[in-house]
Amino acid sequence: MEFQTRIHGRGGQGVVTAAELLSVAAFLEDRYAQAFPTFGSERTGAPVVSFCRISDRPIRLREPITEPDAVIVQDATLLRQIDVLAGLRPAGRVLINSTRPADELGVIGWTVPASEIALRHVGRPLPNAALLGAFCALTGVLSLESVHAAIRATFPGLVAARNVAAASEACSYLREAVRA
């Protein structure tokens, strides 16, 4: 099994950290993983893309993901600026940080108000941890517990606890949305 995820966002939203957290969660599940970013100018607000491969076998490929199994969009305004869905596999899943439904955004996929969830729990509208919780619910590729452990291994005390709470709420939110 190999699962490839591409994450689109803007500088300062934790796009690179999100991919790294996914890879740590995969390692915690005794799987192989690879996470890396690509970006142009390094400035807050500039488009950023990061990638994460998760596999049951060693990963030898070292190139950007052009045919993702999942796409996470941390900033919905990118939908009008970049072809974030380029190469998405036919059964691919799309997760967008938005309060609006995906069809209103012109996309087939799922939305979660990750910035609002993060604001409540973390105190800042950083959507990455919340989106990773929703990713667990949407894909089943990683357990929410592994994502929680990755967050705790990356961030100290209260910061970790708040991000874990955001991931949990977003996971529950998407599970309910999928059932509806």
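**Pocket and aromatic pairs**

Guide: The largest pocket holds about 160 Å³ of space. This is a predicted model, where local features need pLDDT of at least 70, side-chain atom pairs count only at pLDDT 80 or more, and totals for chains, interfaces and linings use all residues. Residues are numbered from 1 along each chain as its sequence is written, and side-chain values use heavy atoms, with hydrogens and water left out.

Visitor: What makes the pair of Phe-3 and Phe-135 edge-to-face?

Guide: Rings of Phe, Tyr and Trp (its six-membered ring) pair if their centres lie within 6.5 Å; planes under 30 degrees apart count as stacked, over 60 as edge-to-face and the rest as tilted. The centres of Phe-3 and Phe-135 are 6.1 Å apart with 70° between the planes, so the pair is edge-to-face.

Visitor: Which parts does this pair tie together?

Guide: Phe-3 lies in strand β1 (residues 2-10) and Phe-135 in helix α3 (residues 128-139), so parts 132 residues apart in sequence are tied together. Helices (H or I, at least four residues) and strands (E, at least two) are DSSP runs, numbered from the N terminus.

Visitor: Why is Phe-3 called buried?

Guide: Buried means under 20% relative accessible area, exposed over 50%, partly exposed in between (1.4 Å probe, protein chains only). Phe-3 has 9%, so Phe-3 is buried. Phe-135, at 1%, counts as buried too.

Visitor: What makes the pair of Phe-36 and Phe-51 tilted?

Guide: The planes of Phe-36 and Phe-51 are 35° apart and the centres 5.1 Å, so the pair is tilted, being neither stacked nor edge-to-face.

Notes:
1 Å grid on protein atoms, 1.4 Å probe; cavity = no way out; pocket = protein on both sides within 12 Å on 5 of 7 lines; lining within 4 Å. Points joined across faces, edges and corners; volume = space filled by probe spheres on them.
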